[in-house]
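Here are some notes for a colleague opening this model for the first time. Please read them with the structure in view.

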Amino acid sequence: MVKGFKVFILRGNVIDLAVAVVIGAAFTALVIYFVFVVPMKKMLDISSRRKQPIEADPTEVDLLMQIRDLLRDQPAAETAQSHCSRSTDAKVE
């Protein structure tokens, strides 16, 4: 076995062997890329397109804050008139 290897080395096929190893390694990397990486990337792209942000319903606190802000933004005279009209309507009846 060692004798056959020695003859092989002395024949000058070491360069051929080195080229074959390099080509084999490059081909292996290429195959791994196309077999595993490309399909995985495509699946991730598809799944990321399907994900859409979901808007949650406003909580009770958010609704109360919105009502507070709307009431605060109303003019003071309009608010006072609505309170007065309610109290006078109750007295008239």
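1. The protein has four helices and zero strands, where helices (H or I, at least four residues) and strands (E, at least two) are DSSP runs numbered from the N terminus. Along the sequence the pattern reads α-α-α-α.

2. This is a predicted model, in which local features need pLDDT of at least 70 and side-chain atom pairs count only at pLDDT 80 or more, while totals for chains, interfaces and linings use all residues. Residues are numbered from 1 along each chain as its sequence is written, and side-chain values use heavy atoms, with hydrogens and water left out.

3. The average pLDDT, the predictor's confidence in each residue from 0 to 100, is 79 for the protein, and 80% of the residues score at least 70. Where pLDDT is low, the predicted coordinates should not be read in detail.

4. Y33, for example, counts as partly exposed because its relative accessibility is 41%.

5. F34 lies in helix α2 (residues 14-50). One aromatic pair is counted, under a rule that asks for ring centres within 6.5 Å (planes under 30 degrees apart are stacked, over 60 edge-to-face, the rest tilted). The rings of Y33 and F34 pair edge-to-face, because their centres are 5.4 Å apart and their planes stand at 80 degrees.

Notes:
Rings of Phe, Tyr and Trp (its six-membered ring) pair if their centres lie within 6.5 Å; planes under 30 degrees apart count as stacked, over 60 as edge-to-face and the rest as tilted. Buried means under 20% relative accessible area, exposed over 50%, partly exposed in between (1.4 Å probe, protein chains only).
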